[in-house]
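I opened my notebook to look up two things.

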Amino acid sequence: MLQLERVNVHYGATRVLWDVSMSVGAGEMVAVMGPNGSGKSTVLKAAMGLKKPSSGVVSLNGEELQAKPATVRPQRGMSIVLERRRLFPRMSVEENIMLGAYVRKAAEARETYDWVLEILPEIKPHLQATAGRLSGGQQQMVAIARGLMADPKILLMDEPFLGLSPAMVKTVLAIMKTINERGVAILFNEQNAKLSFAVSHRGYLLESGRVVLSGSGEEMLEHPEVKRVYLGVREAAA
Ligand SMILES: Nc1ncnc2c1ncn2[C@@H]1O[C@H](COP(=O)(O)OP(=O)(O)OP(=O)(O)O)[C@@H](O)[C@H]1O
Ligand SMILES: [Mg+2]
């Protein structure tokens with residue numbers, strides 16, 4: 001459903017993505033893994049229209065979107081959960097979540113809201129609380145809830161586990177699985193190879209703005225290069 005074809009992105013004169021091609025099929029969970037500064041966030045921003053590619057094609061269900069503003073994406077079924085959560089800290093949790101529904105009709109939004117709270121029951125006791133008072137993990141759930149309010153067919157997530165406790169990582173992972181099992185495709189970024197590929201159908205390894213490896217989650221975890229560099233597994237001496 002989502003396709004990036006030879007996407008190049010520059011910041012000023014600096015090229016940060018080099019002919020990046022990726023795809024996410026309907027209902028797929030796909031990980032983009034890479035070290036610091038490798039361009040993971042830029043890939044999602046280019047897909048979402050938050051950063052305009054200097055060349056290349058971004059398409060959703062065959063419709064070219066690279067020249068269109070970010071605001072058309074939610075109407076086409078694409079939504080993003082930004083890194084470090086980006087909530088409005090002084091607004092209530094409920095208000096933050098409802099912001100994700102700005103393109104929807106009220107009745108439909110209400111229906112989605114019920115669905116979202118069913119997937120994220122942990123949020124229910126905090127709906128009237130000020131968002132800034134929640135823990136990091138709770139804020140991440142609110143950010144996910146906001147992303148889901150657009151009723152997306154594909155959800156982009158920028159480092160959903162960043163700064164979370166191991167227990168909270170498990171919770172967020174379970175939530176992502178549930179969302180995915182309900183038929184929503186997910187494209188997410190992560191620096192940790194195990195976290196990236198253990199749960200995803202497919203994955204990409206990004207280094208210095210280039211896709212250097214791709215395959216099924218299993219293939220990625222088993223790949224000698226991934227093992228050696230990113231999982232710290234030493235090959236037995238030959
Ligand atoms: N607004 C910007 N202006 C200039 N350069 C930028 C900007 N945003 C990112 N870059 C550069 O683009 C490259 C890719 O950045 P990006 O944030 O996409 O990487 P990342 O893989 O998401 O990194 P991280 O793991 O730190 O989140 C980096 O070299 C970064 O310094
Ligand atoms: Mg990033």
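**Around the ligand**

I began with Ser41: an N or O atom in its side chain is 2.8 Å from an oxygen atom of ligand 1. I call that a polar contact, a pair of N or O atoms within 3.5 Å. This is a predicted model, where local features need pLDDT of at least 70, side-chain atom pairs count only at pLDDT 80 or more, and totals for chains, interfaces and linings use all residues. Residues are numbered from 1 along each chain as its sequence is written, chains are lettered from A and ligands numbered from 1 in the order written, and side-chain values use heavy atoms, without hydrogens or water.

Next I checked Glu159. An N or O atom in its side chain lies 3.4 Å from an oxygen atom of ligand 1. Ser38 uses a backbone N or O atom instead, 3.1 Å from a ligand oxygen atom.

How much of ligand 1 does the protein bury? Alone, ligand 1 exposes 630 Å², and the protein buries 59% of that (Shrake-Rupley method, 1.4 Å probe).

I then listed the shell. It has 13 residues, each with a heavy atom within 4 Å of the ligand. Asn36, Gly37, Lys40, Ser41 and Thr42 come nearest. Helix H1 (residues 40-48) gives the most, three residues. I took helices as DSSP runs (H or I, at least four residues).

**Two helices**

I turned to H5 (residues 136-148) and H6 (residues 166-181). They pack at about 15°, axes 10 Å apart (lines fitted to C-alpha atoms over the stretch in contact; angles run from 0 to 180 degrees between N-to-C directions). H5 and H6 are therefore roughly parallel (under 35 degrees).

Definitions and conventions. Polar contact = N/O pair within 3.5 Å; in protein donor to acceptor, adjacent residues only side chain to side chain. Parallel < 35°, antiparallel > 145°, perpendicular 65-115°, else oblique.
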